Amino acid sequence: MENNYRYFNRDISWLSFNYRVLLEAADASVSLYDRINFISIYSSNLEEFYKVRVAEHKAVARGGYSEDMTQEEATELIIRIADEVNKQLEDRIRIFQEGILPELRRNHIVFYQSMQEVEEAHKEFITNYFREEIFPYLQPVPVSRSRVKVFLRADRLYLCTRLIRKDNGVTEYYIIKLPYSKVPRFVELPQQNGCYYLMYMEDIIKMNIGLMFPGYEVDSSYCCKISRDADIMVDDESLTTEVLVEQLKKKVKKRKIGAVCRFVYERRMPTDFLQYMVEAFELNPDELIPGDKHLNLEDLSKLPNPNPALVKSGRPSPMRLKCLNKKQSIMTYVGKRDLLLHYPYHSFDHFIHFLYEAVHDPSAEEIMITQYRVAQHSEVINQLIAAAQNGKKVTVFVELKARFDEENNLATAELMQKAGIHIIYSMKGLKVHAKVALVLRRHKDGKPKKSFAYISTGNFNEKTATLYADSALFTSNPQIVKDLHQLFLVLKREVMEPEFHHLLVPRFNLVPRLQELLEFEKREAKAGRKALVVLKMNALQDTAMIDELYKASEAGVQIELIVRGICCLIPNQPYSRNIRITRIVDGFLEHARVWCFHHGGEELVFFGSPDWMRRNLYRRIEAVTPVLDPSLKKEMMDMLRIQLADNQKACWVNEHLCNVLKKREDVRPIRAQKDFYLYLKEKNLP
């Protein structure tokens, strides 16, 4: 039967999320440098969005194939995206100019935004700094519509300069790559009258550019940058592992020379100047994006803080669990009961120590782990290498197709191979996104000994474990250990039709089990009993599963969604009247995927690596575990309860994709990340 269900477009929905990130920069209750960092995050997010999503749509608009949209639909979507981004950029400029800069001045930091602002006392310093620190690295290149074309590299900031020869009045154009690898983007100037001063490197160049061109009059200079298609398309189904590795190595190197998807320029650039650049670089009109006076604002994460009296808001230090004291090994503890960790509130060192114990445990025969995004110079990798050198059998599944981490994954894989670790590379036609580890043990007589499984929502990455809010389970439950071993045998291509009793894995039992759980709630609702589902995830896009939620809502099931990013489900419709969408943006990136079903009062809780995206549910290897320990199940449910009660950093997502802040002054303030940390701290008391 036909239904009238509708869905948000995933890209427009993502832009709504990124706008919520930008709103943190406008929040005066957030510390100043954290607000500046949110502008950096917003800008970085947008840059990746253009490199991947918009680049893909532009390829379709130019006649490329897509199973999701026609050429006309892609063209229309590109226009919608540009309109929304332009509106957001206006707000970004306003927030920075009217909010951030005045607040910096109130804290005695003057951040020059134009040459006209520069005080006389700084001009000599700026000229000397240009001559001594910047000028040696500048290489102006002539730009012409008729000569050999200049190639602009992705992500680099360039200065377009228009000059007029003094001898004959001829106009010439030059382009200069800004030397960020040699000179800091933000230059600290001498203090004056108790104030600290900062200046963009490109403004210093603009002030002194005439020194580079004797015999010319400088007409004007404007910054620009190119974004290029950074998605790596590899038909891995027809390739051997060896060929896949070689192809990825080649394609990663070519990422910076991909097709142009965006040419961002200072919006003050005159039309005739812009037109010259368009013709010289052979740009299409739909690639032109007017930007701020200062581009690449993702660099603001590196803005110096010269005022020692101005400190960033202190994020809580990751806590170590008291139950794991110096005398209590993790394996001994987990051998008796399950252990739940929540990063970054808990220290990732506990997982490192778990690996350390496995390295030195004589009964630990084999370690298996997945690698999706690991930190550079990773202690996780160091421990795995130590295990191999200590005679353990170590198997690491390396996902080569982890976007923007291909190079790092290739390098760490080669390093581990040299140490004797067995490396399994990407599966054909699938991406392995599961974040799991397994330690198998045996007694001296060869009989199996209690082994350990680790299932997480986050990567094995020490850096992101201090920034992303994730959950992880240590367990010695023999059935979960057996299930996880089966999953690794699938990755090894030794088992084709595994049986999973507890773990939920896409392409095998995940979607059917979710449908079954929702059906149960629907029957409960129709019988007049309590029916409740709470789903926390990063993205909700698969229309088949959204339809299941719509149907459950129509049956009377109460559904609470906590979705950080993409959400294609439209609330406040006749078919979604029982669904509410909460979005939380705060100092840590909400990254956990946790699902709770009332299930007639039994309260079933699951968590793991997948979002409800088509790719996660059907085209990836993911792992979801149930939480079986009653006290840990309550802990997960308490986390969801605190997040739904947040009235400081949470917002509703309404039917217009607006972020409607829940902030209220007439109730006790609840800030989920702060309150959950305090909750865990209290539980950690001896």
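Biologist: Which helices each supply at least two residues of the lining of the second largest pocket?

Modeller: Helix H2 (32-61) and helix H17 (672-683) do. H17 gives the most, with four residues. A helix here is a DSSP run of H or I with at least four residues, a strand is a run of E with at least two, and both are numbered from the N terminus. This is a predicted model: local features need pLDDT of at least 70, side-chain atom pairs count only at pLDDT 80 or more, and totals for chains, interfaces and linings use all residues. Residues are numbered from 1 along each chain as its sequence is written, and side-chain values use heavy atoms, with hydrogens and water left out.

Biologist: What makes a space a pocket?

Modeller: The test uses a 1 Å grid over the protein atoms alone; a pocket is an open set of points with protein on both sides within 12 Å along at least five of seven lines. Lining residues have an atom within 4 Å of a point. The second largest pocket holds about 370 Å³ of space. Of the 20 residues that line the second largest pocket, Gly314, Arg315, Pro316, Asp586 and Arg671 are the closest to its centre.

Biologist: How do the residues of the lining of the second largest pocket divide?

Modeller: Into seven nonpolar, six polar and seven charged. Ala, Val, Leu, Ile, Met, Phe, Trp, Tyr, Cys and Pro count as nonpolar, Asp, Glu, Lys and Arg as charged, and the others, Gly among them, as polar.

Biologist: Why is H13 called roughly parallel to H14?

Modeller: Helix H13 (residues 510-526) and helix H14 (residues 543-555) pack at an angle of about 10°, with their axes 9 Å apart. Angles under 35 degrees count as roughly parallel, so H13 is roughly parallel to H14. The axes are lines fitted to C-alpha atoms, for helices over the stretch in contact, and angles run from 0 to 180 degrees between N-to-C directions.

Biologist: Which residues make the contact of H13 with H14?

Modeller: Among them are Val511, Leu514 and Leu518 of H13, and Met545, Leu549 and Ala552 of H14. Contact means heavy atoms within 4.5 Å. The residues of this contact divide into eight nonpolar, one polar and five charged.

Biologist: What is the order of the open sheet of three strands?

Modeller: The order is S1-S6-S5, with mixed pairing. Strand S1 (109-112) and strand S5 (186-192) each have a single partner strand, so one side of each is left without a neighbour in the sheet. Neighbouring strands of this sheet are turned by 25° against each other on average, direction ignored.

Biologist: How do you know that S5 pairs with S6?

Modeller: Two strands pair if DSSP finds at least two bridges between them. Five bridges join S5 to strand S6 (residues 195-200), and the two run antiparallel. Phe186 stands opposite Tyr200 in S6. Helix H4 (residues 120-134) lies across S1, S5 and S6, running at about 145° to S5.

Biologist: What do S26 and S27 form?

Modeller: A hairpin, with five residues between the strands. Three bridges join S26 to strand S27 (residues 659-661), and they run antiparallel. Val653 stands opposite Asn659 in S27. In the turn, Leu657 has a positive phi of about 65°.

Biologist: What makes the peptide bond from Tyr343 to Pro344 stand out?

Modeller: This bond is cis, with omega near 0°. Pro344 is found in the loop between strand S10 (339-343) and helix H9 (349-360).

Note on methods
Angles under 35 degrees count as roughly parallel, over 145 as roughly antiparallel, 65 to 115 as roughly perpendicular and the rest as oblique. On a 1 Å grid over the protein atoms alone, a cavity is a set of points where a 1.4 Å probe fits but cannot get out, and a pocket is an open set with protein on both sides within 12 Å along at least five of seven lines; lining residues have an atom within 4 Å of a point. Grid points are joined across faces, edges and corners, and a volume is the space filled by probe spheres set on the points.
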